[in-house]
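Hello,

Here is the structure we talked about. Please open it first, then read the notes below it.

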Amino acid sequence: MKLTILGCYAATPRTISNPTSQVIEIKNRVFLIDCAEGTQVQLRKSKVKFSKINHIFISHLHGDHFYGLVGLISTFMLLNRESDLHVYGPKGIKEIILLQLRASGSFTGYNLYFHELESKQSETIFEDDRVVVKTIPLNHRIYTNGFLFQEKNIERKLNIEKVEEYKIDKLYFNKIKYGGDITLENGTVIPNAELTFDPIPSKSYAYCSDTQYDESIIPIIENADYLYHESTFLENEAHLAEKTMHSTAIQAATIAKKAKVKNLILGHYSTRYGDLSLFQKEAQTVFENALLADDGKEFEME
């Protein structure tokens with residue numbers, strides 16, 4: 001699992017910083033999370049292949065989280081994309097994007113699917129044989145969701161010594177990896193537990209964009225390996241966090257501690273601050289494993 005921060009600042013783009021967008025890579029799946037202005041440029045800088053992005057998750061319809069989407073969709077067209085593209089976001093996103101495409105006389109030469117979200121309860125919005133994605137309902141000025149990405153690790157690890165001891169043909173390896181017992185030619189049944197080890201524990205990543213402090217998300221994100229939680233303000237401006245329905249670094253750290261996550265990544269900084277280390281220092285008074293997001297930064301989630 002690898003996370004690439006394309007942009008992690010609040011509000012407007014600047015020459016030295018970019019608003020919110022991320023790429024999470026899980027088991028050869030590449031997901032784009034939010035798509036602010038400048039996302040295309042940041043994707044190129046981070047050498048993320050456009051063709052690998054088949055699913056885009058938009059947290060909410062504030063400009064610093066989705067104003068780059070129609071441009072990216074148009075670029076996919078110019079690059080002669082053929083594979084389907086799925087966009088998950090709040091109700092209204094389909095109307096907004098299609099209006100822009102129609103008004104500009106644009107079209108896509110690929111299938112564009114919108115999955116509009118309305119539920120205020122956590123729900124599964126994507127699932128295949130490798131990954132499951134669930135919403136994290138957040139508390140912001142407009143309808144907003146975070147997203148929980150979870151690996152599916154159902155393959156067990158082969159115990160090569162035992163497999164060779166019983167002279168089991170490679171033809172049966174997949175059956176064994178997926179929990180199957182093996183019957184030898186003499187009729188002896190070898191239980192799967194003797195032929196395999198437990199699978200590597202699955203990893204999870206919780207993305208919580210714009211939200212005020214809200215403990216209702218804790219049961220959803222509990223024990224996540226990594227939590228990205230917005231920390232727009234430092235504690236001396238907690239009154240602004242309350243007014244704008246955002247969070248402080250200490251509030252983000254408090255959520256991380258109560259949810260028993262392993263690592264916290266801070267982001268969505270107000271551009272009023274010049275020294276990001278202050279966010280980490282404040283958060284670490286509550287939660288030690290607090291890390292700083294920054295544009296272009298990568299996290300190898302091992």
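How many salt bridges does the structure hold? It holds twelve, where a salt bridge is a side-chain nitrogen of Lys or Arg within 4 Å of a carboxyl oxygen of Asp or Glu.

Before the details, a word on the source. This is a predicted model, in which local features need pLDDT of at least 70 and side-chain atom pairs count only at pLDDT 80 or more, while totals for chains, interfaces and linings use all residues. Residues are numbered from 1 along each chain as its sequence is written, and side-chain values use heavy atoms, with hydrogens and water left out.

The chain as a whole

The protein chain has eleven helices and 18 strands; these are DSSP runs, numbered from the N terminus, with helices being H or I of at least four residues and strands being E of at least two. The C-alpha trace spans about 75 × 55 × 35 Å along its principal axes. Of the 302 residues, 51% count as buried. Buried means under 20% relative accessible area, exposed means over 50%, and partly exposed is in between (1.4 Å probe, protein chains only). The chain exposes about 14,700 Å², and carbon and sulfur atoms supply 48% of that area; accessible areas come from the Shrake-Rupley method with a 1.4 Å probe, and for residues only the protein chains shown count as cover. Among contacts in the chain with a separation of 6 or more, 64% are between residues 24 or more positions apart. A contact means heavy atoms within 4.5 Å.

R29 forms a salt bridge with D129, and their closest N and O atoms are 3.3 Å apart. R29 sits in strand 3 (residues 29-35) and D129 in the loop between strand 7 (124-127) and strand 8, so the pair links distant parts of the chain, 100 residues apart. R29 is partly exposed at 22% relative accessibility, whereas D129 is exposed at 52%.

D198 forms a salt bridge with R156, with 3.0 Å between the closest N and O atoms. D198 is in the loop between strand 13 (196-197) and strand 14, and R156 is in the loop between strand 9 and strand 10 (157-158), so this pair ties together parts that are 42 residues apart in sequence. D198 counts as exposed, at 57% relative accessibility.

The side chains of E194 and K162 also meet in a salt bridge, at 3.8 Å from N to O. E194 belongs to helix 7 (residues 192-195) and K162 to helix 5 (residues 160-165), 32 residues apart. E194 is partly exposed at 27% relative accessibility, and K162 is partly exposed at 26%. Salt bridges that share partners also join R29, D128 and D129 into one network.

Why is strand 9 (residues 145-151) largely enclosed by the rest of the structure? Six of its seven residues are buried. Strands count as paired if DSSP finds at least two bridges between them. Strand 9 pairs with strand 8 (residues 131-137) in the antiparallel sense over seven bridges, and T135 stands opposite F147. Strand 9 also pairs with strand 14 (residues 204-208), again antiparallel, over four bridges. There, the bridge partner of L148 is A206.

T211 is buried, with a relative accessible area of 1%. Leaving out residues up to four places away in sequence, T211 touches residues including L138, H229 and M245.

The nonpolar cores

A nonpolar core is a set of buried Ala, Val, Leu, Ile, Met, Phe, Trp, Tyr and Cys residues joined through side-chain atoms within 4.5 Å. The largest has 57 residues, and those with the most contacts inside it are I24, F149 and Y205. Helix 10 (residues 249-259) gives the most to this core, with six residues. Another core lies apart from it and has 26 residues, among them V23, L32, V48 and F114.

The buried residues of helix 10, including A252 and I255, pack against helix 8, strand 15 (226-230), strand 16 (263-267) and helix 11 (277-283). Helix 10 is followed by K260, which has a positive phi, near 60°.

Regards
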